[in-house]
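Dear colleague,

I am handing over the structure below, together with some notes on what I found when I went through it. Please read the notes with the coordinates open beside them.

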Amino acid sequence: MNWIAIGSIADIPPRGARCVETPQGKIAVFRTADDQVFAIDDHCPHKGGPLSQGIVHGAAVTCPLHNWVISLDTGKALGADEGSVRTIPVKLEGERLYIALEALASKAA
Amino acid sequence: MTEKLVIIGNGMAPGRMLEHLLEAAPDRYAVTIFNAEPRVNYDRIMLSPVLSGEKAFEEIVIHGDGWYIKHGITLYKGHRIVAVDREAKTVTSDHGVTESYDRLVIATGSVPFIIPVPGKDLPGVLTYRDLDDVEAMLLAAQSRAKAVVIGGGLLGLEAAAGLKERGMDVTVLHVMPTLMERQLDPAAGYLLQKAVEARGIKVMTKANTKAIFGNGKVEGVELMDGTIIPATLVVMAVGIRPSIALAKEAGLEVNRGIVVNDRMETSDAAIMALGECAEVGGHVYGLVAPLYEMARVAAVRLADGEDKRFVHSDTPTKLKVTGIDLYSLGDFADGDDREEIILRDASAGIYKRVVLQDNRIIGTVLFGETADGAWFNDLKKKATDISEMRDTLIFGQAFQGGASSDPLAAVAALADDAEICGCNGVCKGKITGAITGKGLTGLDDVRAHTKASASCGSCTGLVEQLLKLTLGEAYNPAAVQPMCSCTNLGHDDVRRLIKAKGLKTIPAVMQELEWKTSCGCAKCRPALNYYLVCDWPDQYADDYQSRFINERVHANIQKDGTYSVVPRMWGGVTNSNELRAIADVVDKFEIPMVKVTGGQRIDMLGIRKQDLPAVWADLGKAGFVSGHAYAKGLRTVKTCVGSDWCRFGTQDSTGLGIRIEKFMWGSWTPAKVKMAVSGCPRNCAEATCKDVGVVCVDSGYEIHFAGAAGLDIKGTEVLGMVKTEDEALEVIVALVQMYREQARYLERIYKWAKRVGTAEIKRQILDDAERRGSLFDRFVFSQKFAQVDPWSERVSGKDKHEFRPMASVGFAEAAE
């Protein structure tokens, strides 16, 4: 796997998210209250809302447009809604954060 | 490909049809609705309780705006369809919107019948059909003057009772010898008349209207026999006619209604019709139960489900006037082959009549005591042979087979297929099954899952008894609605405990109040953050991660992820420098849309998130600060030009508006707060539909509050009169502080006021000077920490991370 450095975990506020821009669109990188890190497409399966702008609770985010709740771990909509968003491999080494580019390339192909 | 479904009309029948359709085939159609009424789908049969004041409009909404958004349905409010082109398969609205369809559903409902007498078009002559009619009646009722209701049927009597309740002197004119002659026999009609008269309503039967007279507005009604009845309001409630003009013009087969087969299809295979406008098997319907049955049939047809057909059945009639119990079902005309059983109790005002044919019930009229209606209906429906219990039949279910007269036992004794909710056709088994199967615990749950008791509400008692029977002690009807699924506590308890236990952080609240989740959810966190900001202004550190995105970045998120920015224009006043600065910002950042808002300021839409700080920097140089157009906080104070310019102005309304806005901007509130100051009672600033409003008069300032002009429309209530600007400011500030300290998060002032009561608010704000003073002081203290312009803070570098991407990867140049 080709890991690409995207910055430090300190760049993301706890219970928050930042965006990484890629040719396939924005990826939202989340940091939970207990410092777990997740990356998913910044695009709600419902109406394309920017998930990075939502409120983070547990390992889930609530979309700011129409309140769908998306699991950060699986990318699936929780509760009564159905849909899912792509998840991207992400790893934390010390303070440094990396995402896997293969996932991007394979999706682009 | 998704097919296009267009629906003309947004009443209860098409609303119910959509619910069934979304359940059966959620993605099959792209749905567009054209509604001639400018609002969402509401429960029309509950208009009478709204008129009498027992319910508010917001309580009878069936589908709020959110429902349409959630299901991706396009709703054109206030669009009347004027043409259907069956050739091209398009419809066109009076506003010029044309939409094509694969399937079209016509649900145009009905129009009230207007009796063709002279004066029928005078101002003050109303019908009783929709919310606009109710609002017009409420307005007329403020005069406490005389009203005449023409028509002594179901609607007419409900209108009369409502107007009487609102303080009017009401006379009902009915052309037939007894009231509600279509649903009641003469004996019950007589008892009904006595009961109506006992409420202080005059009833005139065999009253034939000759003319409505008046000079420019209604002054009275003249009868054929020459009798004159003075009135300032005349309500015509003599019946309804299906709305078929559109269908007729489109060349569809029509008779009394739009002719459909028992699968709701019109003479054009692509077009269906349902509701009050449809005629099936020679019948047109006006009661909700058969209309909902049509909705079920139409939804199955649209989803291509099993072959479901509409079958005619009798629907019981009930009168929704509190204190008058009346139930009528089926056929109760006399006949040679019919027998009847009658019970009369003159002193108790009870009359019961059951009509039998071949030992089976075919009709029932109950007056004064209607509890056995459901049981009689059940016997009739199943065509049960009643010869065994004939002697005691009329005494009701409690007297059969030694059952006790305990109402709970009576409900327990009902068979599983006995109908509980007539409007929605829900039987006992379905309700008890849902309670145990889905773990339901309250009335709202049962309404959401089964629809029982969700329409006219007359079976609410039965449903509650079923809850009690099924859940036993576990059923607690007074249970508090929890804030969200993270806690069992309601908003009021949480607010009380935050103060009592001195909780000053979100983790402390969650720990001490035993939250069930580790860090809450998107419902409770913003609420807790507000409560803490409000209660501990000097000690609590605002938790930005618990704020909705708009309040985190101080702009309004749009559907495409861009933002809109609204700078403050104090009191709606601006100048050439400000306008020039806005024009420059629009050019520099290529802002695609500039719009004047309803709050007298300017909105710039379509700004990229990363541009926000630079936009604010430029606006800041011209002296602009954030308008908080995104906040649960003080929004605008709208003003008129007042005594400075206007020839009618009595006070400096612009000056007072600016003063209030400068005093109160930056404060966080449970929900948004919009204000206005009008310089005279002509009220050009529309202060009487705001959260807080001031109407200036010669002698001072009339303070208004608890208005609404959004999802709900509600005129304000008058808090009181004060003589000076200073007093006006103190009263308004104290009122808002009381609201800040007491209301539940997202609860607008009018909803809070309804809960607390206008009298109590008046007592604390106007009568208790000490209380008013301490509220005022607490607001002023809190403003020390709140009145910081969030835009200039961010221009100077606060929350930089919010406005920049973390990294940019995978682009060609980055990979090299």
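The confidence score used here, pLDDT, is the predictor's own confidence in each residue and runs from 0 to 100. What you have is a predicted model, and chain B averages a pLDDT of 89, with 98% of the residues scoring at least 70. The model as a whole scores ipTM 0.89 and pTM 0.54. Where pLDDT is low, the predicted coordinates should not be read in detail.

Chain B in outline

Chain B has 816 residues, of which 45% are buried, and its secondary structure comprises 27 helices and 42 strands. Among the contacts in chain B with a separation of 6 or more, 61% are between residues 24 or more positions apart.

The nonpolar cores

The largest nonpolar core holds 138 residues, and those that touch the most other members are Ile106(B), Val234(B), Val235(B), Ile258(B), Ala273(B), Leu274(B) and Ala298(B). Helix H8 of chain B, residues 288-302, gives the most to this core, with 11 residues. If neighbours within four places in sequence are left aside, Ile106(B) is in contact with Ile8(B), Leu246(B), Ala247(B), Ile258(B), Ile271(B), Ala273(B) and Cys277(B). Apart from this core lies another, of 76 residues, which has Val20(A), Ala77(A), Phe548(B) and Val553(B) among its members.

A three-stranded sheet

Chain B also has an open sheet of 3 strands, in the order E20-E22-E23 and with mixed pairing. Strands E20 (258-260) and E23 (283-284) stand at the edges with a single partner strand each, so one side of each is left without a neighbour in the sheet. The pairing of E20(B) with strand E22 (residues 278-280) of chain B is parallel and runs over 3 bridges, and within E22(B) the bridge partner of Val259(B) is Glu279(B).

Helix H19 and its surroundings

In helix H19 of chain B, residues 612-621, the buried residues are Leu612(B), Pro613(B), Val615(B), Trp616(B) and Leu619(B). These cover an arc of only 155° around the axis, which puts them on the same side of H19(B). The buried residues of H19(B) pack against helices H17 (549-553), H18 (576-588) and H26 (790-795) and against strands E32 (563-565) and E34 (602-607), each of them in chain B. Just after H19(B), Gly623(B) takes a positive phi of about 95°.

A buried lysine

Lys164(B), which is placed in helix H5 (residues 154-165) of chain B, deserves a look. With 22 C-beta neighbours inside 10 Å, Lys164(B) counts as buried, because the cut-off is 20 or more. Neighbours within four places in sequence aside, Lys164(B) is in contact with Val170(B), Arg199(B), Gly200(B) and Ile201(B). Its C-alpha is 8.9 Å from that of Ala147(B), a residue 17 positions away in sequence.

Where the chains meet

The contact between the chains takes 28 residues from chain A and 24 residues from chain B. On the side of chain B that touches chain A, helix H3 (65-70) and strand E42 (807-808) each supply at least two residues, and by class this side has 12 nonpolar, 9 polar and 3 charged residues. Strand E2 of chain A, residues 16-22, pairs with E42(B) in the parallel sense over 2 bridges, and Glu21(A) has Ser808(B) as its bridge partner in E42(B).

With best wishes

How values were computed. Residues are numbered from 1 along each chain as its sequence is written. Chains are lettered from A and ligands numbered from 1 in the order in which they are written. This is a predicted model: local features need pLDDT of at least 70, side-chain atom pairs count only at pLDDT 80 or more; totals for chains, interfaces and linings use all residues. Two residues are in contact if their C-beta atoms, placed from the backbone, lie within 7 Å. Helices (H or I, at least four residues) and strands (E, at least two) are DSSP runs, numbered from the N terminus. Ala, Val, Leu, Ile, Met, Phe, Trp, Tyr, Cys and Pro count as nonpolar, Asp, Glu, Lys and Arg as charged, and the others, Gly among them, as polar. Two strands pair if DSSP finds at least two bridges between them. A residue is buried if 20 or more other C-beta atoms lie within 10 Å of its own, exposed if 12 or fewer, and partly exposed in between; C-beta atoms are placed from the backbone. The arc is that of the directions from the helix axis to the C-beta atoms. A nonpolar core is a set of buried Ala, Val, Leu, Ile, Met, Phe, Trp, Tyr and Cys residues joined through C-beta atoms within 7 Å.
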